[in-house]
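Dear colleague,

I am passing on the structure we talked about, and you will find it just below. My notes on what was found in it follow.

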Amino acid sequence: METVLNQKLMVRSVKIDCGISFRLRDSKASAPTPITCFVEFNGKPVVKIPTGTKVLPSKWNAEKERPIGGMKGLDNLESASIIDKLSAVRSAVENRYREHVNEYRSYPDKRAFKERVMESISGQQQPPRPWQGPDPSLLNFIERQVKLSREGKRLIIKGPRKGMPYRENTIRSYEGTLALLREYMVDRKLKDITFEDVTMALYHDLRDYMFGDARFSLNYFGKIIKHFKLFMKEAEEEKMHTSTVYRSKGFIKVEEETDAVYNDTQQLEAIYRIDLAGHPGLQNARDLYLLGAWSGLRFQDYSVLEEKARITGNFIHIGTEKTGVFVAIPILPVVREILVRYRSEDGTYRYPRPISNQKLNDYIKTIGKMAGLAHPVSISVPHGGKRVRITVPFHDAMGTHTARRSFATNMYRHYRLPALTIMKITGHTTEANFFRYIRMTPQENAEFILEAVMAKNELESN
């Protein structure tokens, strides 16, 4: 029973693949007619992508969705050119779709998705649609702000990156919110969401929608509300509305502490010692993960070290993606061994090959299993706006972020480094947040105190 519940709770009801088909605009045309790519989300055709190619209907195989070559069709070069173009469009659609679904676990906003695909195909950003001035639509305003962010015209107004443009991950997060709100509108049969619609009733209904099928966590709902409040504030500053509901105590950005495991030093050693000589993909993923576990960097930083890092002596210098702060990371023994192994003959430092967050998440679970980390752990997962506890093998609870959490916890618990020292690398701004982050269990905390007192007593008695 628990296994079935685990499977239901760990998988969200968003299909990982989209439907792609190629059709002629006019199958009865007497002249070459455009070939259009039709994209389906959840079994429904939703987006039409122009491919930039044309063909005579008599030279098109509708069943195989490709031009006819040979004696009765196009010459080989022309046919191959069209096939290559359609293949490129298919690849762009698949990559953009999976990229979005893997990160947000929701279907993309149709309009934004089409523009992102067109950018991939052309290699250029599509020109933004003109903004027509004040509009009662909150969604139109969010869409405008996202476009301005992409153009570098909307800048950060506070924090260490004040005055700088928004980063790609932040913009994608806004696009995820926009996509979810459009899904919500379709489900609730709404034509739009205006500023006046932002009421406590909307707040509670959106929460019911997100928890109705157990797809979303309380923290993700909190992120959506955080974006709601941000864009409502920006629109109010532009005098586009006078609503104050979003600032009320009830319209809160909720969040919860989540269970998260970490690898202690013995587990990291077991992972390092696995013989993966015959599995280059797993070996690359393992080394990438260990760089994170012994550096304290976030995935978006430790996955692109070759692009962004500079090594000087015993330190790695890098500007972090999330905060823009430059940090110096000590090259610890395991990191040194990995750097030496990947170093090129001319002495240039190389690193494990970058892979996607989702792929590394999959690999690290397999690696954890190979390292024998299969003992059961109890974790809580979101279910209908609440938390329920399930039991899974330890390796199934591991992910890309486990690496960074392992660094912070091991530096504090095993190596006894002061919290403030570790925070200089992890970027936590308060000790309270740091201690919540490392997630020491009550038992581990008691052991930590006991070991410290016993060591002190032993030292004084000698």
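Glu-99, with a relative accessibility of 31%, counts as partly exposed, whereas Arg-96 falls in the buried class at 19%, and I would ask you to keep in mind throughout that this is a predicted model. The side chains of these two residues, Glu-99 and Arg-96, form a salt bridge with an N to O distance of 3.2 Å; both belong to helix H2 (residues 76-104), where they stand three residues apart and are thus separated by about one helical turn.

Another salt bridge, also at 3.2 Å from N to O, joins Arg-182 and Glu-143. Because Arg-182 lies in helix H5 (residues 168-188) and Glu-143 in helix H4 (residues 138-150), this pair ties together parts that are 39 residues apart in sequence, and Glu-143 is buried, its relative accessible area being 10%. Arg-286 and Asp-287 are paired as well, with their closest N and O atoms 2.9 Å apart, and both of these residues are buried. Through shared partners, salt bridges join Arg-96, Glu-99, Arg-116, Arg-150, Glu-168, Arg-172 and Glu-175 into one network, and the count of salt bridges comes to 22.

Turning to helix packing, H9 (residues 280-293) and H14 (residues 400-413) meet at an angle of about 35°, their axes lying 7 Å apart. On the H9 side the contact is made by Tyr-289, Gly-292 and Ala-293, and on the H14 side by residues including Arg-404 and Phe-407; the contact residues divide into four nonpolar, four polar and one charged.

Note on methods. Residues are numbered from 1 along each chain as its sequence is written. This is a predicted model: local features need pLDDT of at least 70, side-chain atom pairs count only at pLDDT 80 or more; totals for chains, interfaces and linings use all residues. Side-chain values use heavy atoms; hydrogens and water are left out. Axes are lines fitted to C-alpha atoms, for helices over the stretch in contact, and angles run from 0 to 180 degrees between N-to-C directions. Helices (H or I, at least four residues) and strands (E, at least two) are DSSP runs, numbered from the N terminus. Contact means heavy atoms within 4.5 Å. Ala, Val, Leu, Ile, Met, Phe, Trp, Tyr, Cys and Pro count as nonpolar, Asp, Glu, Lys and Arg as charged, and the others, Gly among them, as polar. A salt bridge is a side-chain nitrogen of Lys or Arg within 4 Å of a carboxyl oxygen of Asp or Glu. Buried means under 20% relative accessible area, exposed over 50%, partly exposed in between (1.4 Å probe, protein chains only).
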